[in-house]
Amino acid sequence: MLKYNLSQLDNISKKILLKLSETDCIFLSGELGSGKTTFARSLIHQLQEKNKVRKTEVLSPTFNLLHEYEIKSLKVMHYDLYRLKKNKEIEQLGIFEDSKNVITIIEWSEKMEKKIENRLEITFYYESSAEKRRIKLQGFGKWKNFKLDAI
């Protein structure tokens, strides 16, 4: 587990971007305010910059459930499952139906029963009393050996 502050999320997303490819999925979990949306915003902006696409506003999709970002031939699907209570509601979103040229980012992924093989799970921890933040990464499939040694 690594300690970080919000300003370091850009460095974390840059390192993840080096391995990120189409059809990958990033699962984000952690308490409210722990950095999930800030990380998603940073990663999407890094993708836009890499592809020489104008940076767009990246908001939390809490109320819409999904925001889509077209980055040349790539699509980023940014989901937020916070408001969903039943797995059937999650299944109806069809999250993994179209995975070609799609990077999927899912906030509150711990609510999902179905998982995808090539995924990076990132858990954000926030201790408000001490203003401390920690991050834990666990990879599956092609992400199995991914490590962040330093931020």
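## Fold and overall dimensions

Helices (H or I, at least four residues) and strands (E, at least two) are taken here as DSSP runs, numbered from the N terminus. On that basis the chain of this predicted model follows the pattern β-α-β-α-β-β-α-β-β-β along its sequence, which comes to 3 helices and 7 strands. The radius of gyration of the chain, taken over C-alpha atoms, is 15 Å, close to the 15 Å that the globule rule (2.2 Å times the number of residues to the power 0.38) gives for 151 residues, so the chain is as compact as a globular protein of that length.

## Burial and cores

Of the 151 residues of the chain, 45% count as buried, meaning under 20% relative accessible area with a 1.4 Å probe, protein chains only. A nonpolar core is a set of buried Ala, Val, Leu, Ile, Met, Phe, Trp, Tyr and Cys residues joined through side-chain atoms within 4.5 Å; the largest has 28 residues, and Ile 16, Phe 39 and Ile 122 have the most contacts inside it. At least two residues of this core come from each of several elements, including α1 (9-17), α2 (36-50) and β6 (119-127), with α2 giving the most, 5 residues.

Apart from this core lies another, of 14 residues, among them Phe 27, Leu 84, Ile 106 and Trp 108. Leaving aside residues up to four places away in sequence, Ile 122 touches (heavy atoms within 4.5 Å) residues including Ile 16, Phe 27 and Phe 39.

## Basis of the values

Residues are numbered from 1 along each chain as its sequence is written, and side-chain values use heavy atoms, with hydrogens and water left out. Because the model is predicted, local features need pLDDT of at least 70 and side-chain atom pairs count only at pLDDT 80 or more, whereas totals for chains, interfaces and linings use all residues.

Conventions
Buried means under 20% relative accessible area, exposed over 50%, partly exposed in between (1.4 Å probe, protein chains only).
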